[in-house]
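Hello,

Here is the structure for your files. My notes follow below it.

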Amino acid sequence: MSHCTNPVELERISDADLRAEARAEWLAGEYRASDHPTAHVHYDLPGQAFTVVARQGGASA
Ligand SMILES: [Zn+2]
C-alpha cells in the first residue's frame with residue numbers, strides 16, 4: 001500500500017480496539033463505495049491509531 005502526502009483524514013480508530021484494523025479496512029471499503037474512491041488505511045504510529053484517509057485532489061498526489 002502506498003502512502004500519500006497530506007491525506008484527508010476521514011476516520012480515526014484507536015489501536016486500543018482489538019478489531020481496529022479490521023474496522024478501519026471495512027470503513028475504507030465503505031468510503032470507496034461512496035464519495036472517496038481513494039480511501040485507504042494508514043497507521044498513525046505516534047497516535048497509536050488506524051486512520052482511514054483519502055488523497056487530496058484525486059489520484060495524482
Ligand atoms: Zn496513503
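In sequence, the residues that donate to the zinc ion follow the spacing C-x35-H-x1-H. C4 sits in the segment before β1 (8–14) and H40 in strand β2 (residues 40–44), so this pair ties together parts that are 36 residues apart in sequence. The protein donor atoms are SG of C4, NE2 of H40 and NE2 of H42, at 2.0 to 2.4 Å from the zinc ion. Donors here are N, O and S atoms within 2.8 Å of the metal (3.2 Å for Na, K and Ca); water is not among the atoms, so sites may look incomplete. C4 counts as buried at 11% relative accessibility, and H40 is buried as well, with a relative accessible area of 12%. Buried means under 20% relative accessible area, exposed over 50%, and partly exposed in between (1.4 Å probe, protein chains only).

On provenance: this is a predicted model, in which local features need pLDDT of at least 70 and side-chain atom pairs count only at pLDDT 80 or more, while totals for chains, interfaces and linings use all residues. Residues are numbered from 1 along each chain as its sequence is written, and side-chain values use heavy atoms, with hydrogens and water left out.

The fold: the protein has one helix and three strands, arranged β-α-β-β from the N terminus on. Helices (H or I, at least four residues) and strands (E, at least two) are DSSP runs, numbered from the N terminus. The three strands form an open antiparallel sheet in the order β1-β3-β2. β1 and β2 are its edge strands, each pairing on one side only. Two strands pair if DSSP finds at least two bridges between them; β2 and strand β3 (residues 49–54) are joined by five. Helix α1 (residues 20–33) lies across β1, β2 and β3, and runs at about 155 degrees to β1. Axes are lines fitted to C-alpha atoms, for helices over the stretch in contact, and angles run from 0 to 180 degrees between N-to-C directions.

D44 belongs to strand β2, and its bridge partner in β3 is A49. The side chain of D44 also reaches the backbone nitrogen of G47 at 3.1 Å. Apart from neighbours within four places in sequence, D44 is in contact (heavy atoms within 4.5 Å) with R12, A49 and T51.

For the whole protein, buried residues make up 30% of the 61 residues. Of the contacts with a separation of 6 or more, 53% come from residues 24 or more positions apart.

Regards

How values were computed
A polar contact is a pair of N or O atoms within 3.5 Å; within protein, one must be able to donate a hydrogen and the other to accept it, and residues adjacent in sequence count only if both atoms are side-chain atoms.
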